[in-house]
Amino acid sequence: MASFFKIFRQVIICFIVLAPISLAQARPVSREIASVYYSPEDPKPRFTAGHALAETVLNFLGLTVTHFDLGKGLPKFNDPHEYRGILVWMEIDRLPDPEGFLKWLDAQMNAGTRVVMLGDWSFLQDLNGKTVPLTLVNRVLNRLGGQFDGDWEQFTFDYSLKHFDPDMTDYEADIVKPLPTFYGVSRASSGSTPFVTASPPQSNSEFVLGAFGPSGGFVQDGYAVRIGRNEHDRKWILNPFKFFSRAFNLEDFPKIDTTTLMGRRIYYSHIDGDGWRNLSEIRGDDDQPLLDSEVVYRDLIKPFPDLPVSVAPIAADLDPSWAGTKRTGDIERKFCALPQVEAASHTYTHPFQWSYFDNYSSKRESRDFGQNGSDIPKRVLEFLGIADDIDASDTGLKKSYELPRAYIRRPFDLHQEIVEAADYISTFCPPGKKVELIQWSGDTSPFEAAIAMADSIDLPNLNGGDSRWDPDYPSLAWVAPVGMRVGKTVQVYASNSNENTYTRLWSDRYFGFRYLSSTIENTESPIRLRPFNIYYHMYSGEKVASRNAVLSNLELARKSSIIPISASRYARLGKGFFTAEIEKTKDGNWQIRNRGTAGTVRFDNGKHLAVDFENSYGVIGQTHYQGSLYISLDEAVETPVISVKTSDTEARYPVASQPYIVSSRWRAWGLQNTNGALHMKLQGFGKGEMQWRTRPSAKFKLYVPASGERPEWTETVSADANGMLAYTIPLDGISGAELTLEPVTE
């Protein structure tokens, strides 16, 4: 499996009450996992199994992950309860100090931290081949459910398997014969719950391949993920959701959810500016030539006012002192003038390799690449042209120089890339609008100082991840996490891959992005794992096939039950996932802090759960979906409190003292109850579809006051016999609105 990761590196409000619920004696709940790796073998954590495989599942289960490099020594925790658990998943043979590592794990378990162990057992020998005493190995392994006898079972072709929990394995792939080789592990006498074992023929002996113990669990290498014959063929054998949930004791743990808002699946879209100046094969009126960006404006954005999109040009493509022209600037002004378009930045000079600019030296760049890269030969790797000497009149594929950034006329300046790019692009916006997001360029692997620079001006960040789940990438194992911690900062990933991976780096299969629909479907069912995200580049406007592929995805979005939001709002939501704090109050309620724009908390196994609205604060709705309870929070309430109640029956939508939201295409917040009438703020894209739960047959008068050129609107609606109140506000809600929901008595 170690060889796979070397290959992988290259594949690149509640209803407002008079006073808040009592918060006395709230107890913080740890949602952080410490994942360890060893930098001499895995130089960057983003290519480790802990990040590339486990973190996606851990995020879904409500957990965040911090990666610790054992090459820099053993982690030192400030508080024994700072981390809920430790994940050990390394694909290396040996550690420099395995005895120290095992003693450290033992000490953490003594402090109450749970441990999960997968992958190679790199703690059995040190770098010099010295064997670690079995007593020390088993002091740790016993607490995870196993007892190692020191043997290696190499000849396994006639072994038979026994599944104690059939739902724990064979998740996406079976365990095939001959069985992967394994260590001789039996059940621990201190407490072991195996879920899969192997036995030799005509023998009563039993070797444990995966188990739970008092302090966590383990799975032997080759029995968690199956690696196939090519770099894309990896599938989960283990049911990772069920395994990590039990190993880290998450059964009743509320999750900060990044997929859902107001009971609906989140939709957002964003476009990187690559190809802005390129000449499209698609023509305009009277057969006039068009730039790729002009085709995107005409065909993919202007006709879809109901679907927001963030447009991020490269500042150098607009700036006449670099490569900009009046034409490239005018098209940006047209983009920014559209109400559904959010202004964003794709940096100033488009770094390809971000690590090159950490500890940057202009002398080194000049030495390595010459003036404007003119001394560098063209390479086989083909990108759509944004390199320094590409002219917008060129057509077809462009070969990029193997440069660390697209434009190198002047020395690299991090402040220019982040702050000045946002300021300059904002000059193309109409009054009241400015850049709201930075979309990382190139390898989308910014270093800590770059993210910190964006944070310093409150500019959320997005990109990276490249999630896919389709016939070419046929597994949950190719769905990326929400993002990752980079030092003390957070990088938020795009929820889906862009068209680059579907078109072999823009060299073939220009229709390929239409298969994004497979990922959209697979990350919605059987569990909602990711938002609906359409992410592409300006060069999708270059060819008929690529334009039509984007169109097919936009039409799919129009047919779907979604809540469209801006990409910057999602990026803030993603960061809020990492910063959120959950506390359990003395009376058993849940208090949420520092959540950013994260607006939903999810309880799994929630068929018999419902919100206790009378004892909650800052909760405005609930939705049951796929067996989970999704709870909608009021973004105007900084510290909401959630109270849930159980029922012997599936009381999915119990009546509360006032109506609550079940589903809405528009965001609602700032709910206030004045003598029974509900007042709230709304904002959204497309028609304002809303569904509430109230008393059966209850009647309400809806009122939206006039604003600007928008007239006032009023309508009287009634709930059905089940208490569901559904209506559509036929107004433009992009700039926001206010709604009053007033009961009508007869």
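A: First, the terms. On a 1 Å grid over the protein atoms alone, a cavity is a set of points where a 1.4 Å probe fits but cannot get out. A pocket is an open set with protein on both sides within 12 Å along at least five of seven lines. Lining residues have an atom within 4 Å of a point. Grid points are joined across faces, edges and corners, and a volume is the space filled by probe spheres set on the points.

A: This is a predicted model: local features need pLDDT of at least 70, side-chain atom pairs count only at pLDDT 80 or more, and totals for chains, interfaces and linings use all residues. Residues are numbered from 1 along each chain as its sequence is written, and side-chain values use heavy atoms, leaving out hydrogens and water.

Q: How much space lies in the largest cavity?
A: About 70 Å³. Its lining includes Leu261, Met262, Arg569, Arg595 and Glu635.

Q: How does that lining split by class?
A: The largest cavity has five nonpolar, two polar and four charged lining residues. Ala, Val, Leu, Ile, Met, Phe, Trp, Tyr, Cys and Pro count as nonpolar, Asp, Glu, Lys and Arg as charged, and the others, Gly among them, as polar.

Q: And which residues line the second largest cavity?
A: Among them are Asn59, Phe60, Ile256, Asp257, Arg528 and Phe577. Helix H2 (49–60) and strand S14 (255–257) each give two or more residues to this lining. Helices (H or I, at least four residues) and strands (E, at least two) are DSSP runs, numbered from the N terminus. The space in this second cavity is about 60 Å³.

Q: Now the pockets. What volume has the second largest pocket?
A: About 750 Å³. It is lined by 23 residues, and Tyr37, Pro45, Arg485, Val486 and Gly487 lie nearest its centre.

Q: Which element gives the most to that lining?
A: S3, with four residues. By class, the second largest pocket's lining has nine nonpolar, six polar and eight charged residues.

Q: Switching to sheets. In what order do the eight strands of the open sheet run?
A: S3-S2-S4-S5-S11-S10-S9-S7, with mixed pairing. Two strands pair if DSSP finds at least two bridges between them. The edge strands are S3 (64–69) and S7 (160–163), and each pairs on one side only.

Q: In which sense do S5 and S11 pair?
A: Parallel, over three bridges. Val116 has Gly217 of S11 as its bridge partner.

Q: Which strands does helix H5 lie across?
A: H5 (residues 240–247) lies across S4, S5, S9 (193–199), S10 (207–213) and S11. Its direction is at about 145° to S5. Axes are lines fitted to C-alpha atoms, for helices over the stretch in contact (heavy atoms within 4.5 Å). Angles run from 0 to 180 degrees between N-to-C directions.

Q: What about the four-strand sheet?
A: That open sheet runs S1-S29-S30-S35 and is antiparallel. S1 and S29 (residues 581–584) pair over three bridges. Val29 stands opposite Ile582 in S29.

Q: Last thing. What pLDDT does the protein average?
A: It averages 91, and 92% of the residues score at least 70. pLDDT is the predictor's confidence in each residue, from 0 to 100. Over residues 1–24 it is below 50. Residues 372–401 are also below 50, and this stretch has 77 contacts in the model beyond near neighbours in sequence.
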